[in-house]
Amino acid sequence: VVLGLLSAVALATAIGIFSGLFDLNRWLALSGPAFWGGQVWRIVTYVLLPVSLLTFLMNGVMITLWGGSLERNWARRELWLYCLVVTLGTGAAQILLQAFMPSPFAGSAPMAYGLLVAWGFLFRYERISFIGIGEMTIGLLALLAGALNFILIWFSAGLSNAVIALAGGLTGLAYLWAQMKIIMGRE
């Protein structure tokens with residue numbers, strides 16, 4: 001469902017750009033001045049916008065892999081709530097760190113990053129085998145993939161955008177840790 005929603009908005013964005021009738025980026029992308037100017041919906045809608053076809057496809061594959069794995073263990077409502085928490089965490093970091101920068105922030109990369117964090121957290125002790133390398137825990141694999149993702153975002157979009165994406169992942173991790181403590185605290 002998450003991927004379907006992202007695909008529908010990507011299609012609508014492409015139709016708007018190619019027809020010249022509308023530009024969803026002007027209405028949905030997150031920027032500090034627009035948010036502080038009263039357009040608060042942008043803290044959630046920025047994640048629906050595709051940045052490019054390549055990033056849309058890559059993030060779509062990651063959302064399908066990690067989101068599908070998580071949805072088998074969570075209820076759909078829990079997956080949606082987690083995606084919302086990660087989206088809000090990333091958006092809050094954006095509007096606080098770049099409060100006066102008019103450059104728009106968009107894309108589903110923070111959601112994919114958050115799903116990687118959840119996958120690594122929930123399955124952290126499971127082992128996975130790699131031909132020629134040996135075995136590794138999923139937690140370590142997710143940590144390495146997250147570090148690589150941070151470095152790639154840093155070199156392609158700048159350090160501030162990498163920190164903003166990391167903030168979403170850390171928000172998701174804090175949410176999962178709090179959920180675990182609540183569950184473990186029950187009698």
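Residues are numbered from 1 along each chain as its sequence is written, and side-chain values use heavy atoms, with hydrogens and water left out. Because the model is predicted, local features need pLDDT of at least 70 and side-chain atom pairs count only at pLDDT 80 or more, whereas totals for chains, interfaces and linings use all residues.

The largest nonpolar core comprises 46 residues; such a core is a set of buried Ala, Val, Leu, Ile, Met, Phe, Trp, Tyr and Cys residues joined through side-chain atoms within 4.5 Å. Here buried means under 20% relative accessible area, exposed over 50%, and partly exposed in between, for a 1.4 Å probe and protein chains only. At least two residues of this core come from each of helix H1 (2–19), helix H2 (24–28), H5, helix H6 (76–97), H7, H8 and H9. Helices (H or I, at least four residues) are DSSP runs, numbered from the N terminus. H7 provides the largest share of the core, nine residues. Tyr 82 and Leu 115 have the most contacts inside the core. Beyond residues up to four places away in sequence, Leu 115 touches Ile 63, Trp 66, Gly 67, Leu 70, Leu 79, Tyr 82 and Cys 83, where contact means heavy atoms within 4.5 Å.

Thr 87 lies in helix H6 and is buried, because its relative accessible area is 4%. A polar atom of the Thr 87 side chain lies 2.7 Å from the backbone oxygen of Cys 83. With neighbours within four places in sequence left aside, Thr 87 is in contact with Ile 43, Val 44, Tyr 46, Val 47 and Met 111. Thr 64, placed in helix H5, counts as partly exposed because its relative accessibility is 43%. Its side chain reaches the backbone oxygen of Gly 60 at 2.7 Å. Thr 64 and Val 2 are 62 residues apart in sequence, yet 8.8 Å apart in space, C-alpha to C-alpha.

On a 1 Å grid over the protein atoms alone, a cavity is a set of points where a 1.4 Å probe fits but cannot get out, and a pocket is an open set with protein on both sides within 12 Å along at least five of seven lines; lining residues have an atom within 4 Å of a point. The largest pocket has a volume of about 850 Å³. It is lined by 31 residues, of which Thr 55, Asn 59, Ala 109, Asn 149 and Ile 153 are the closest to its centre. Helix H5 (53–71), helix H7 (109–122), helix H8 (138–157) and helix H9 (159–184) each give two or more residues to this lining. By class, the pocket lining has 23 nonpolar, eight polar and no charged residues.

There is one cavity of 30 Å³ or more. The largest cavity holds about 30 Å³ of space, and Leu 6, Leu 48, Leu 49, Pro 50, Phe 56 and Ser 108 line it.

Two further residues complete the picture. Asn 161, in helix H9, counts as buried because its relative accessibility is 18%; Asn 161 touches Gln 98, Phe 105 and Ile 153, not counting residues up to four places away in sequence. Trp 36 belongs to helix H3 (residues 32–36). Trp 36 and Ile 95 stand 59 residues apart in sequence and 8.2 Å apart in space, C-alpha to C-alpha.

Key. Grid points are joined across faces, edges and corners, and a volume is the space filled by probe spheres set on the points. Ala, Val, Leu, Ile, Met, Phe, Trp, Tyr, Cys and Pro count as nonpolar, Asp, Glu, Lys and Arg as charged, and the others, Gly among them, as polar. A polar contact is a pair of N or O atoms within 3.5 Å; within protein, one must be able to donate a hydrogen and the other to accept it, and residues adjacent in sequence count only if both atoms are side-chain atoms.
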